[in-house]
Amino acid sequence: MLFPTIDFAIFFAVVFLGNWLLSPSPRRWKPFILTASYVFYAWWDWRFVLLLAVSTLISAVGGLAVAQGRTRRARRGALVMSVVGHLALLGWFKYYGFLSVTFDNALHSLGLHATPLPPLSVTLPVGISFFTFMGLSYVIDIYRRDLEPAPFLDVAVYVAFFPHLIAGPIVRGRDLLPQIARSRLRDPRKVEFPEAAYLIMGGLFKKVVISSYVSSAIVGPVFNNPTVHTAPEILLAVYGYAVQIYCDFSGYTDIAIGVALLLGFRFPQNFDRPYAARSLQDFWRRWHMTLSSWLRDYLYIPLGGNRGPRRQVARNIMITMLLGGLWHGAAWTFVAWGGIHGVGQVAGHLHRERRVAQGRAPEPTGRAALLLGRLCTFHVVCLGWLFFRADTFGTAFTLLRRLFTTWGEAAPLFRLPVVAAIVGSIALQYLPKGLAEAVQVRFAAMHAGAKAAFLGCGLLLITTLGPPGVAPFIYYKF
Amino acid sequence: MVPERRAPSARPPRHPSRRRAPGGRRRAPYVAPEGRTLAAGRALLVSLAAFGIWLALDARQLYTSAGASPLGARRSVALAILTPIARVQEFFGLDRVVDGANRALGGRAGVTPGVIALPPATAGHGGGRAKGAASPPTTANSFLQPSAAHPLSVLDVGDSIGIDLGYGLQDLLGTTRSVELQSASVGNTGLANPAYYDWPANLSVELARYHPQVVVALFGGNDWQPFIAEGRRADPGSSFWLQQYTARLRQMVDLVTASGAHLFWVGLPIMSPSSGLAGSVAPSLNAAFAAACSGNPNASYVSIYNLFASPTGSYAQFLPDASGNLVEVRDADGVHIAPPAGDDRAAAAVVRAIESTLHIHL
């Protein structure tokens with residue numbers, strides 16, 4: 001079920017009512033919200049509900065086994081079993097096709113024509129990367145004694161809770177499980193409606209209006225036909241994709257966070273004006289924050305993090321970013337995207353280290369340096385997006401080649417409304433952070449009728465400006 | 001074996017809410033900012049009122065969208081709810097404001113409430129040729145070898161699979177100066193639901209705009225659905241549905257060939273067993289496409305069905321390319337053709353068909 005649909009609006013009205021009516025009784029509320037979440041997931045394909053249940057079982061049983069293990073070896077064994085279980089599901093559904101084709105082509109290049117892994121068409125279940133990472137963090141946190149195992153029903157609600165189920169944010173057990181356990185204490189008189197409405201309306205506008213427009217006006221035509229477009233169009237398409245993916249994904253998570261708020265739950269923030277980042281390190285503190293903190297806590301730091309010699313730190317960064325790329329999709333272009341970010345971060349790390357060794361601040365502080373840092377970071381991020389969006393390396397390199405060789409030729413897709421949409425969306429990232437809060441305070445002070453009129457007109461604006469129908473969110477594929 | 005070290009507290013908490021945060025400090029429960037909350041009941045009422053206002057302002061557009069959705073209970077319920085609201089909107093003149101804004105933004109005005117329940121105006125008229133449709137030519141057109149001075153104009157039309165094919169044609173012909181390629185394919189469209197997108201009407205506009213010599217059409221991805229024709233419900237697979245659908249296809253074939261263009265109607269590729277077009281669906285539609293083209297000297301049917309099948313004849317997402325490497329030729333949804341390898345594979349078959357049928361080299 002997609003958020004910006006009438007189906008979801010009706011579904012949510014029912015769930016909202018049930019959520020608050022059953023709130024005083026956790027014994028009724030938990031089965032209710034779990035059923036609602038499974039219905040939400042089954043809307044896409046009911047057969048994969050079983051997969052969600054199996055993933056939950058692996059997390060719950062794994063967590064319990066880890067907690068009850070009497071020796072370190074037993075605890076570690078239970079952890080390994082659970083992690084392998086999660087990764088096996090993810091590997092089969094997401095990476096089998098990729099691995100089989102890669103393996104087959106490698107054999108072919110060696111002159112061998114065997115097909116030990118037949119290339120099968122395995123349907124990718126939506127949200128599998130997200131709920132797998134949530135399940136993994138739950139078990140690992142218990143192993144690390146950062147979390148106690150929760151009752152089975154709580155774990156089931158934690159994994160399947162529909163606002164985050166399809167495309168995040170990746171909420172940790174220690175953030176959400178206490179809220180589920182305390183669900184009885186949520187006060188139905190204190191729903192954070194202004195913030196939720198702001199997030200939901202903003203998210204809808206970003207997804208339905210901006211992302212859809214930029215996608216159909218420039219990004220789709222250029223990336224799907226790389227050989228016929230000229231440099232100005234390609235440059236605009238790459239900037240456009242930066243805007244499209246930000247509006248698409250942050251729009252989704254804004255709606256998810258807003259929906260959770262209406263139910264009385266607070267999710268962590270997932271985006272913080274990423275294109276205003278002054279370095280790649282800063283970018284990853286602002287972009288898909290729940291994934292970057294997950295990768296930091298469960299991959300980068302266990303690998304050694306910033307400790308050790310330079311080469312080791314560089315290796316840790318590269319491994320983390322390459323696997324982060326692969327998490328997004330089973331294709332070498334995603335690995336290349338991770339590689340670009342990895343190399344950029346290693347370079348940034350070395351630069352900061354050198355400055356510190358010279359007795360200077362790790363980051364330059366001047367205005368010009370800040371501007372230069374932001375410009376460079378944005379363009380490295382855009383270079384990464386080019387590989388992220390391209391279907392193949394051929395497409396990416398064709399676009400790159402044409403970007404430098406076809407200036408001065410006709411560019412019919414380079415139009416003022418597209419430029420305005422892209423520039424405007426990027427400029428919004430530089431607005432002061434307090435502006436959103438000010439809007440919410442104003443909205444909160446409005447009369448109930450004025451609130452309804454404001455929201456109703458907002459919906460009208462979104463449906464009028466948006467195209468007919470709703471395209472799936474980009475991150476559904478991940 | 002070394003016994004496991006116990007947790008710092010003597011009696012570990014059984015409940016996560018009582019667990020200390022990793023930093024050691026007890027995590028304070030979140031408190032909503034004062035003055036920025038609303039009671040749940042009031043929040044629901046405000047939300048419902050907002051939806052009501054939106055519905056009242058946008059009823060005609062929503063009514064139009066509902067009418068364009070596939071036949072079924074969902075559509076009937078939506079129309080039943082939206083018809084009276086749209087009439088009230090019309091009575092108060094609110095529709096003019098919203099339609100004006102829509103037109104200003106390049107969109108379409110909503111339709112008058114009450115008309116959608118009738119059979120679609122451009123639906124097929126019986127099993128024969130559509131009333132008022134142009135007569136098909138009786139002799140084949142002749143074509144000169146295209147050149148940069150006299151390029152061959154090609155128009156690509158269809159649904160989202162047609163868009164995929166268009167990308168392939170662009171890849172293969174986009175840099176050829178002897179071909180002028182235009183794409184007018186529209187996603188989510190087809191011939192089963194003219195209320196959503198009226199292809200005969202739009203095709204007439206495109207033909208008049210571009211005067212193509214060759215039209216490449218690929219439809220069918222969204223057509224396996226019921227529709228209303230002659231006041232009756234036609235269910236996919238029934239003989240009535242097939243008769244009506246073939247009439248709509250013939251209307252399209254006649255429109256193109258009467259304009260002087262040669263039509264290459266491309267069939268659907270083999271579909272994944274998990275898709276709604278699996279089994280005999282795609283072959284049935286392909287048979288209808290071939291039948292609609294038969295007997296017309298300026299219409300050719302191009303099959304790409306087996307082009308996407310494995311050596312055993314089953315659906316394949318990955319197939320070897322010219323050098324023997326496996327490449328992805330179909331999207332994960334099992335319906336669409338994957339760029340670039342799949343698009344190029346389909347487009348190459350179409351280019352071959354154009355060259356051999358028209359005796360030209362592109």
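**View 1. B:Leu155 stands opposite B:Val215, a residue of strand 3 of chain B.** Welcome to the first close-up of this predicted model. Strand 1, covering residues 152-158 of chain B, pairs with strand 3 in the parallel sense, over five bridges. Strand 3 and strand 6 (residues 262-266) of chain B run parallel too, joined by four bridges.

**View 2. Strand 3 of chain B is covered on both faces.**

**View 3. Chain B is divided into two parts, domain 1 (40-104) and domain 2 (152-358).** How far apart do the C-alpha centres of the two domains of chain B lie? The distance between these centres is 35 Å. Where the domains of chain B touch, four residues of domain 1 are in contact with eight residues of domain 2. The touching side of domain 1 of chain B has three nonpolar residues and one polar residue, with no charged ones.

**View 4. Two stretches of chain B call for some care, with pLDDT below 50 over residues 1-26 and under 50 over residues 115-133.** For chain B as a whole, the mean pLDDT is 79, and 78% of the residues reach 70 or more. Residues 1-26 of chain B have 34 contacts in the model beyond near neighbours in sequence. For residues 115-133 of chain B, the model has 39 contacts beyond four places in sequence. The scores for the model are ipTM 0.77 and pTM 0.77.

**View 5. Chain A has 19 helices and zero strands.** The radius of gyration of chain A is 23 Å, close to the 23 Å that the globule rule gives for 478 residues, so this chain is as compact as a globular protein of that length. Its C-alpha trace spans about 70 × 60 × 55 Å along the principal axes. What share of the 478 residues in chain A is buried? Buried residues account for 46% of them. Take the contacts in chain A between residues at least 6 apart in sequence: 75% of these join residues at least 24 apart.

Conventions
Residues are numbered from 1 along each chain as its sequence is written. Chains are lettered from A and ligands numbered from 1 in the order in which they are written. This is a predicted model: local features need pLDDT of at least 70, side-chain atom pairs count only at pLDDT 80 or more; totals for chains, interfaces and linings use all residues. pLDDT is the predictor's confidence in each residue, from 0 to 100. Two residues are in contact if their C-beta atoms, placed from the backbone, lie within 7 Å. A residue is buried if 20 or more other C-beta atoms lie within 10 Å of its own, exposed if 12 or fewer, and partly exposed in between; C-beta atoms are placed from the backbone. Helices (H or I, at least four residues) and strands (E, at least two) are DSSP runs, numbered from the N terminus. Two strands pair if DSSP finds at least two bridges between them. The radius of gyration is taken over C-alpha atoms; the globule rule is 2.2 Å times the number of residues to the power 0.38. Domain bounds come from an automatic or database domain assignment. Ala, Val, Leu, Ile, Met, Phe, Trp, Tyr, Cys and Pro count as nonpolar, Asp, Glu, Lys and Arg as charged, and the others, Gly among them, as polar.
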